[in-house]
Amino acid sequence: FAARRPPFLMASNAKALLKEFTKRQEQRANSYSELRFFFKRYLGDRDVKTYQSSCKSITKKFKAIGDDILKIEKELVELKRNEWAAHIRQIQDNEKAKLQLVTISTMLNSFMMMAPYQTDRENPSFKDEISFRQAR
């Protein structure tokens, strides 16, 4: 059985594939917005299970988008548009690094949001410093 080609790969020209790539990048940007929304909601309600479920859903979206873009990149190579495929590869590599940084940043922000509560319990002398930070 040959793998069925996704409809967006039925395009026979590079321009159509680049349009599809742009669509996937827009989907990726929307997914980052969703990730930020879920994190802000988590900071408010501290519902770990919902946050983990949301992150799992977003991770699946990122993977599907990445898989589609890999197919677009491969198709561009088959169309002898190696320079465009190389640019897409660079973008993919940068997107991977960005996602790693966003993940680290999200974890650090989460720890920072938890720190005042832990510090307050551990050392009451920090209470004034925490109040000052929150007043900013």
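The model is a predicted one, in which local features need pLDDT of at least 70 and side-chain atom pairs count only at pLDDT 80 or more, while totals for chains, interfaces and linings use all residues. Residues are numbered from 1 along each chain as its sequence is written, and side-chain values use heavy atoms, with hydrogens and water left out. The protein chain has 4 helices and 0 strands, where helices (H or I, at least four residues) and strands (E, at least two) are DSSP runs numbered from the N terminus.

**Overall architecture**

- Read from the N terminus, the elements of the protein chain follow the order α-α-α-α.
- The protein chain counts 136 residues, of which 28% are buried; buried means under 20% relative accessible area, exposed means over 50%, and partly exposed lies in between, for a 1.4 Å probe and protein chains only.
- Of the contacts in the protein chain between residues at least 6 apart in sequence, 67% join residues at least 24 apart, a contact being heavy atoms within 4.5 Å.

**The loop between helix 1 and helix 2**

- Asp47 is placed in the loop that lies between helix 1 (14-45) and helix 2 (48-78), and with a relative accessibility of 31% Asp47 is partly exposed.
- The side chain of Asp47 makes a polar contact of 2.6 Å with the side chain of Thr50; such a contact is a pair of N or O atoms within 3.5 Å, and within protein one atom must be able to donate a hydrogen and the other to accept it, with residues adjacent in sequence counting only if both atoms are side-chain atoms.

**Salt bridges**

- Side chains of opposite charge can pair when their charged atoms come close.
- There are 8 salt bridges in the model, each defined by a side-chain nitrogen of Lys or Arg within 4 Å of a carboxyl oxygen of Asp or Glu.
- One of them joins the side chains of Lys61 and Glu34, with an N to O distance of 2.9 Å; because Lys61 lies in helix 2 and Glu34 in helix 1, this pair ties together parts that are 27 residues apart in sequence.
- Lys61 is partly exposed at a relative accessible area of 33%, and Glu34 is partly exposed at 26%.
- Lys63 and Asp67 form another salt bridge, in which the closest N and O atoms are 2.9 Å apart, and the two residues, 4 apart in helix 2, are separated by about one helical turn.
- Lys63 counts as exposed at 53% relative accessibility, whereas Asp67 counts as partly exposed at 28%.
- A salt bridge of 2.8 Å, N to O, also joins the side chains of Arg89 and Glu73; since Arg89 belongs to helix 3 (residues 82-122) and Glu73 to helix 2, the pair ties together parts 16 residues apart in sequence.
- Arg89 is partly exposed, its relative accessible area being 27%, while Glu73 is buried at 14%.

**Aromatic rings and charges over them**

- The structure holds 5 aromatic pairs, counted where rings of Phe, Tyr and Trp (its six-membered ring) have centres within 6.5 Å, with planes under 30 degrees apart called stacked, over 60 edge-to-face and the rest tilted.
- Among these pairs, Tyr42 and Tyr51 are stacked, because their ring centres are 4.7 Å apart and their planes stand at 25°.
- Tyr42 is buried at 13% relative accessibility, and Tyr51 is buried at 15%.
- Phe39, Tyr42 and Tyr51 are linked by ring pairs into a cluster.
- Arg46 is placed over the face of Tyr42, at 6.0 Å from the ring centre; a charge sits over a ring if NZ of Lys or CZ of Arg is within 6 Å of the ring centre and within 35 degrees of the ring normal.
- Lys98 has its charged end over the ring of Tyr32, 4.2 Å from the centre.

- Ser31 is located in helix 1 and counts as buried at 3% relative accessibility.
- Leaving aside residues up to four places away in sequence, Ser31 touches Ile58, Lys61, Phe62 and Ile65.
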